[in-house]
Amino acid sequence: MDATELCYASAGTLSRLVQQKELSPVEIIDAHLARIEATEPVLNSYITVLPEEARAAARRAESEIQRGDYRGPLHGIPVALKDLYNTAGVRTTSGSRIFDNFIPERDCTVAGRFRQAGAILLGKLNMHQFAYGPTGENPDYGHMHNPWDPEMVSGGSSGGSGSAAAAGQCTITTGSDTGGSIRIPAALCGIVGLKPTYGLVSRHGLTPLSWSLDHPGPMVRTVEDAALTMNAIAGHDPNDVASANIAVPDYTAALTGDIRGLRIGFPREYFDAPLDPEVAQAVHDALALMESMGAVVSEVSLPMFQDSHTISTAILMAEASAHFRDLLASDGDKIYGPVRLRLEAGLFISSADYLRAQQGRSVFNRQVRELLEQVDLLAGPTEPVTAPRLLAETVQAGEREVPTVPALTQYTRSYNVTGSPAISIPCGFSSAEMPIGLQLAGRPFDEVTVLRAAHAYEQATDWHTRRPPI
Amino acid sequence: MASETPLSHQLFLRMAAEAGLDIQSPHMDDLYAYTSGVLDGLRPLQNLDVNGAEPDMAFRPSPE
């Protein structure tokens, strides 16, 4: 396997070769560091790259494996973390120069679990400042660029994770998702992004944006890699007050390819919203394929779809402003203008409105729960459009020109309100050769069904095998 | 603040000062316009039928 193939191979493929001692972690890391060096001037996916540390870790992994101490499928596999995951001894900026010199003493829980699994940290990934935006803008460390067309956004807030995974700069990346920040860049960059159930992956040691809406999760190129990553990072953490104390299954066991009898509903409200016809067609084609594979596909209704946006806005803005209030007072003028505006505006949301939004959340959650008794999954577009041009204030979604930020979050944020698992997988390309994402959402803690359906669709198509021109 | 009446500039400045923001900054004009738009956008909250619903403050969705 040549260096480029190593960079585009899945964790599943690499790990099988590593376990059989046919491939050394040192070769894998060297190939990725070369790929980062070649593509980073265009993409700007990373805030910090760790070449020496990664090479040293690869040599250690190689020795361990040679002497028979193989730790499992992530041993020797490169991982890069969004730069709001605390990493012991490695600066963690949250995408702001205010924290340029912040070096955590301890790993966040997820970073610790990756280390335990033997994964090798390649670096820390660029992000929309403080994870507060869906486009991947960052004046402090430079904007992120889409590998399919560098004039376009990679999405946000986990934009560096999306571009790094899509361009073969890393095998496994992570994001965090408060209103879509895993699924948005996954869709716009043509990769797989899983927002797990709230409470399934620990938030301990991540910079918060909104305590009750933040979800950490994997961003990778295949559904199998999402399952492998979840096997390593999911599970109870007493350091996270929201962590669910439940048994974690082997998520790879879900990847049977069989979706016969699976009930998939697509909310009609999704298709009444602003939507590019090419995206709509790709999603309809995907649903038709799944139906041909034995799934039972039907139209359903989610009447509070639009209300969930208002609910999400009130909760997100109030919680984000509460967290960043002191920073606004001390360093507000150092925060990126649009992010600062959002943070400051949240200070004016009353407690009465915040609580009314939480009441609305109860009602919306009940509606989604009832819907998920009729069907096993809800499906639709992840994004109404393909990746917009960098810094574009509006996008054209079919016949409607709409503001970029609400458009990019219109299909994703509902599932932050409910805390349900939701995945974005590639389901096509536009006529301009830009990726399109399909979103599948399931019942709380039923990642198994979400992954099973996503994997079956993925294996029946070749979208995930395409590579960006960079 | 997403009530029937829009946020007055005077009340906005008073709240901004209480929140520790520099109300002399020229940035306040932008913030006032932006905040007014956000609060307008939250008005539909008042139309939600939340009768009998308690705020969903639980951080953990229950497993099925």
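View 1. Helices here are DSSP runs of H or I with at least four residues, strands are runs of E with at least two, and both are numbered from the N terminus. Keep in mind that this is a predicted model: local features need pLDDT of at least 70, side-chain atom pairs count only at pLDDT 80 or more, and totals for chains, interfaces and linings use all residues. Residues are numbered from 1 along each chain as its sequence is written, while chains are lettered from A and ligands numbered from 1 in the order in which they are written.

View 2. Among the buried residues are A:Gly159, A:Ser161, A:Ser163 and A:Ala166.

View 3. Eleven strands line up in the order 1-3-2-4-6-5-12-13-9-7-8, with mixed pairing; two strands pair if DSSP finds at least two bridges between them. Strand 1 (46–49) and strand 8 (296–300) stand at the edges with a single partner strand each, so one side of each has no neighbour in the sheet. From one strand to the next, the twist averages 30 degrees. Strand 1 pairs with strand 3 (residues 120–125) in the antiparallel sense over three bridges, and A:Tyr46 has A:Leu125 in strand 3 as its bridge partner. Helix 6 packs on this sheet, touching strand 1, strand 2 (78–82), strand 3, strand 4 (172–177) and strand 6 (215–220). The direction of helix 6 makes about 155 degrees with that of strand 4; axes are lines fitted to C-alpha atoms, for helices over the stretch in contact, and angles run from 0 to 180 degrees between N-to-C directions.

View 4. Leaving aside residues up to four places away in sequence, A:Val79 touches A:Phe114, A:Ala119, A:Ile120, A:Leu121, A:Leu122, A:Cys170 and A:Ile172. Contact means that two residues have their C-beta atoms, placed from the backbone, within 7 Å.

**View 5. A:Leu6 in helix 1 of chain A.** Helix 1 covers residues 3–8. A:Leu6 counts as buried because it has 23 C-beta neighbours inside 10 Å. Apart from residues up to four places away in sequence, A:Leu6 touches A:Met1, A:Glu27, A:Ile28 and A:Ala31.

**View 6. Where chain A meets chain B.** Chain A puts 39 residues into the contact and chain B 30 residues. On the chain A side, helix 11, helix 12 (337–345) and helix 13 (351–374) are the elements that give two or more residues. Helix 13 supplies the largest share, eleven residues.

Definitions and conventions
Buried ≥ 20, exposed ≤ 12 C-beta atoms within 10 Å, placed from the backbone.
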